[in-house]
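Here is a two-chain model to work through by question and answer. Take a look at it before reading on.

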Amino acid sequence: MSTSTTGLAALPPAVRKVARPPGRSFWMRLGRHLLRDRVAIVCLVILLAIALSAIFAPWLVPADPYKTSMLRRLLPPGERGYLLGTDELGRDMLTRLLYGGRVSLSMGLAPVVLATLIGGALGIIAGYFGRQVNMLIMRVIDVFYAFPSVLLAVAMAGVLGAGIMNSLISLTLVFIPPIARVAESVTTQVRNQDFVEAARATGAGSWRIIVEHMLANVTGPILTYASSLVSVSIIIASGLSFLGLGARPPIADWGLMLNTLRQAVYVAPLNAVLPGVMIFLTSVSFNLLSDSLRTAMDVRA
Amino acid sequence: MPLDATPARNGTIAEVNDLSVRFVTRDRDVLVVDGVSFTLAAGEVLCLLGESGSGKTVTMRSLLRLLPPSARIGGRIDVAGHDVTAMSDRQLERLRGPVAAMVFQEPMTAFDPVFTIGTQIAETIVSHEGISYRAARARALELLELVQIPSAARRLDAYPHELSGGLRQRAMIALALSCRPALLLADEPTTALDATVQIQILLLLRQLQRDLGMATIFVTHDIGVACEVADRVAVMYGGRFVETGPIDQVIAQPAHPYTVGLLNSTVHEISRGAPLVPIPGGPPDLADMPPGCSFAPRCSAKSTRCDEIRPVLAPISAGRAVACHHPTLAGAKP
């Protein structure tokens, strides 16, 4: 007992400095790796621009996204002060695209975040405890896994009814199985490593091992995988809206806009294509960013 | 409430009585450790010597009950007066670390790769002693200095993969010592290291053990290592103790044919130029042990009695015991 109490007090000031928390954490390392990656920076800038313009849309574009006008329908970009033209009901395209980003981005992120929390927890629990617990959780997951994701989302949204909340719920349910699977397989791998045994030998209980060692070793792979799902989520959400199962008409949503402008594709092709371009740009950026994340996550790189 | 880590009245820190460990799976039931008994005094170093699969690691791990779920432990294990076989999970957590700690064979994989060495040592101290993280970190630094890691302050913030094997094993020892255990278990701590580093780690362990007065159980297959650190040695074969005694006596005058074989197949100074003599045959199948002496099929001195009756560990002289019908030690007949 003597070393701990007398030891700290007896430490000279120079040594005490060491007691500061370490300055180069895992996340700082990750950030540095990402900033060295040119593709990642470009994607980050694009996504940041889309996100910020969606958040601050009311201040960036003064026009009302819901104000229709029969006189100014389907104006080509640049005409009469409409930077990107107008849609089939005469609403400002630029305004609607920015407002639409709100729905699309949240539909990309929210289901993935929710599914990561739920699926990740399920997977870690299944992987760590193994045996019957694993059986129970993973077999239920397998049932969901048996359906193709788009079909499952469509079926679920169809049952729950149209609406943003309902498509969010169905997308979350779609993403839980794959994330739980990844979490489970990574956890099973980590669980059998020596350091878990070593942690147990120093008196760590199950709870501490899960919260400290499992979580820290498993978050990397799960996050990388989850980040690759964001673009899928945006596309499926847009698809649901396009099919009339997601956002309902007056709301500005890229998928929905794509659907309503469909009839105008020969009259004003540029206007009709714009929501698609936004979907493409956002999902490609998320995908490339996720790839860069995967590279940067490798601790030993 | 921390567990009491003081030795029992008679000065023993660990007492194992008729320990048996079997691994039971759906289609196999293997007796890995069979009827092992020993006592360890405070400050004593016991070396478990034997080849792969002889049950030495399982015997040692039983003291912490650090075995896979398929293991079934029989007999009695007392560590610092606590019956380990009867402990709850919560009690085991308080036993592991402050009462008895373990050094692993592979320093490469025994640290969590995503935390720094300092964090891992400090977290362990915090969780056992409830002191502040700052204080625990200061003690982690003292520990790294204790195990003679150069520029310890910098190494505190190093990730495991940034350290060499020798340094990592030193850090592993620091982690094991972090809660001042009364009993240190070392599972082949030098096997994964370079020959030059091995001796440094051994000397360090020996010195720490003397300075801190820790009882130590050392598991190894290397007689040279055993000679370097041990007070007493227990030779294991097929899950049983075949010979026990003070290390110098056992090395000088081995009584069991298996110990003789082990010594003959090891390099020492006198044997320079002479060919090494291996023990014929292979280790026994634990699932299908011969009814008599488990070493009989490989033994040059065996008789029909060896095939029929299993020899029991019987004393041959002060502090020495051997389980053999025909001990090679002159003048000793059990």
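Q: Is M257(A) buried or exposed in this predicted model, and how many other C-beta atoms lie within 10 Å?
A: A residue is buried if 20 or more other C-beta atoms lie within 10 Å of its own, exposed if 12 or fewer, and partly exposed in between, with C-beta atoms placed from the backbone. M257(A) sits in helix α12 (residues 254–260) of chain A. Helices are DSSP runs of H or I, at least four residues, and strands are runs of E, at least two, both numbered from the N terminus. M257(A) is buried, and the number of other C-beta atoms within 10 Å is 29.

Q: Which residues does M257(A) touch, not counting those up to four places away in sequence?
A: Contact requires C-beta atoms, placed from the backbone, within 7 Å. G100(A) is 157 residues away along the chain, yet its C-alpha atom is 8.6 Å from that of M257(A). The list is D87(A), R96(A), G100(A), A252(A) and P275(A).

Q: What numbering and confidence limits apply to this model?
A: Residues are numbered from 1 along each chain as its sequence is written, while chains are lettered from A and ligands numbered from 1 in the order in which they are written. The model is predicted: totals for chains, interfaces and linings use all residues, local features need pLDDT of at least 70, and side-chain atom pairs count only at pLDDT 80 or more.

Q: Which element of chain A gives the most to the side that touches chain B?
A: The contact takes 28 residues from chain A and 36 residues from chain B. On the chain A side, α1 (2–10), α10 (194–201) and α11 (206–242) each supply at least two residues. The top contributor, with 6 residues, is α10(A).

Q: What do the buried residues of α3(B) pack against?
A: Helix α3 (residues 117–129) of chain B has 13 residues. Of these, 10 are buried, including I117(B), I121(B) and H128(B). Their partners are α4 (133–146), α5 (152–155) and α6 (165–177) of chain B, together with α11 of chain A.

Q: What is the radius of gyration of chain B?
A: Chain B holds 11 helices and 12 strands. The globule rule (2.2 Å times the number of residues to the power 0.38) is compared with a radius taken over C-alpha atoms. For 334 residues the rule gives 20 Å, and chain B comes close to this, so it is as compact as a globular protein of that length, with a radius of gyration of 21 Å.

Q: Where in chain B is the pLDDT below 50?
A: pLDDT is the predictor's confidence in each residue, from 0 to 100. Chain B averages 84, and 94% of the residues score at least 70. The stretch below 50 is residues 330–334.

Conventions:
Contact = placed C-beta atoms within 7 Å. Expected span 1.5 Å × (residues − 1).
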